[in-house]
Amino acid sequence: MNTRHLKFWPKGVPHHLTIPNTNLFFNAEVSAARYPDKPYPIFYDKALSFGEFKRQAEAIAGFLQQRCGVKTGDRVLLDMQNSPQFVLADYGILRAGAVAVPINPMNLTRELAHYVEDSGATVAFVGQELFAQMRPLLGEGLSHIIVTAYSGYISSEARITAPPFAAASRENLTEPGVTLWVDIQQRPAYRRALERRVLLLCSLIKGAGRPTCDRVRGKLCRS
């Protein structure tokens, strides 16, 4: 590596980054433990607490592993507008040990097909208003599409009027391979399945005399 720039480097500033021995989801776990009732994202005047954020992200991770067969290193598409669901899906994907592939919501079906083929993703999260563009790829690379309606995270007393696509009521999509976001959050079994995997890993590591369970809980739940 070229070091010529170091003679202009500010004094006291490290030359290299120190990489923490934890993952991004661990930060959310710590915040949820310290401030479970404190608001995290606030979307059109509706707040989601750190504790609830962690619970919902873990439910997503459990669904990805148990229903979609997502394993460590798999790619998962993320095709949404800026919203709490985008952040939750991102953290849920990371919690499952997978890699989030964010996509510009302006992309059309032919462009989305490239992302599916290039990344090898078989699962996609999509905003309800974008589902029509993603739908043709179901069975053509994608095996699961999770659809969300932004209105579920908007306060009924919001001081700012949400655009029509965000305020739209949830559509009742029932075709095979399509799962509604709300159905994942209403099934605690997905989160319990993830917790069982963590507890099993903890017991195995304790039996081998390796690092503590608390440290393991900060790691990604790997298959």
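Predicted model: local features only at pLDDT ≥ 70, side-chain atom pairs only at ≥ 80, totals over all residues.
Residues are numbered from 1 along each chain as its sequence is written, and side-chain values use heavy atoms, with hydrogens and water left out.

The chain holds 9 helices and 7 strands; these are DSSP runs numbered from the N terminus, with helices being H or I of at least four residues and strands E of at least two. Of its 223 residues, 40% are buried, where buried means under 20% relative accessible area, exposed means over 50%, and partly exposed falls in between (1.4 Å probe, protein chains only).

Helix α1 spans residues 24-34, and its buried residues are Phe-25, Ala-28, Glu-29 and Ala-32. They sit on the same side of α1, because the arc they cover around the axis is only 100 degrees, taking the directions from the helix axis to the C-beta atoms. The cover over these buried residues includes α2 (50-66) and α3 (84-95).

Next come the cores. In soluble globular proteins, nonpolar side chains tend to be buried together. A nonpolar core is a set of buried Ala, Val, Leu, Ile, Met, Phe, Trp, Tyr and Cys residues joined through side-chain atoms within 4.5 Å. The largest one here has 33 residues, and Leu-64, Leu-88, Phe-125 and Trp-181 have the most contacts inside it. At least two residues of this core come from each of α1, α2, β3 (75-79), α3, β5 (123-127) and α7 (181-185), and α2 gives the most, with 7 residues. Another core, of 19 residues, lies apart from it, with Met-134, Ile-145, Val-147 and Val-178 among them. Leaving aside residues up to four places away in sequence, the neighbours that Trp-181 touches include Ile-60, Leu-88, Phe-125 and Tyr-153.

Strand β6 (residues 144-148) has 5 of its 5 residues buried. In a regular strand the side chains alternate between the two faces of the sheet. Here both faces of β6 are covered, with His-144, Ile-146 and Thr-148 on one side and Ile-145 and Val-147 on the other. Two strands pair if DSSP finds at least two bridges between them. β6 pairs with β5 in the parallel sense over 5 bridges, with Val-126 and Val-147 as bridge partners. It also runs parallel to β7 (residues 178-180), joined by 3 bridges, and here Ile-145 stands opposite Val-178. Strand β3 is largely enclosed by the rest of the structure, since 4 of its 5 residues are buried. β3 pairs with β4 (residues 99-102) in the parallel sense over 4 bridges, and Arg-75 has Val-99 as its bridge partner.

That leaves the loops. Asp-74 lies between α2 and β3 and counts as partly exposed at 31% relative accessibility. Its side chain reaches the backbone nitrogen of Lys-71 at 2.8 Å. Beyond residues up to four places away in sequence, Asp-74 touches Gly-69, Ala-98 and Val-99. The C-alpha atoms of Asp-74 and Gly-120 are 7.9 Å apart, although 46 residues separate the two along the chain.

Most residues other than glycine have a negative phi. In the loop between β1 (39-43) and β2, Tyr-44 has a positive phi near 50 degrees. Asp-45, in the loop between β1 and β2, also has a positive phi, of about 70 degrees. Tyr-44 is partly exposed at 24% relative accessibility, and Asp-45 is partly exposed at 33%.

Definitions and conventions:
Contact = heavy atoms within 4.5 Å. Polar contact = N/O pair within 3.5 Å; in protein donor to acceptor, adjacent residues only side chain to side chain.
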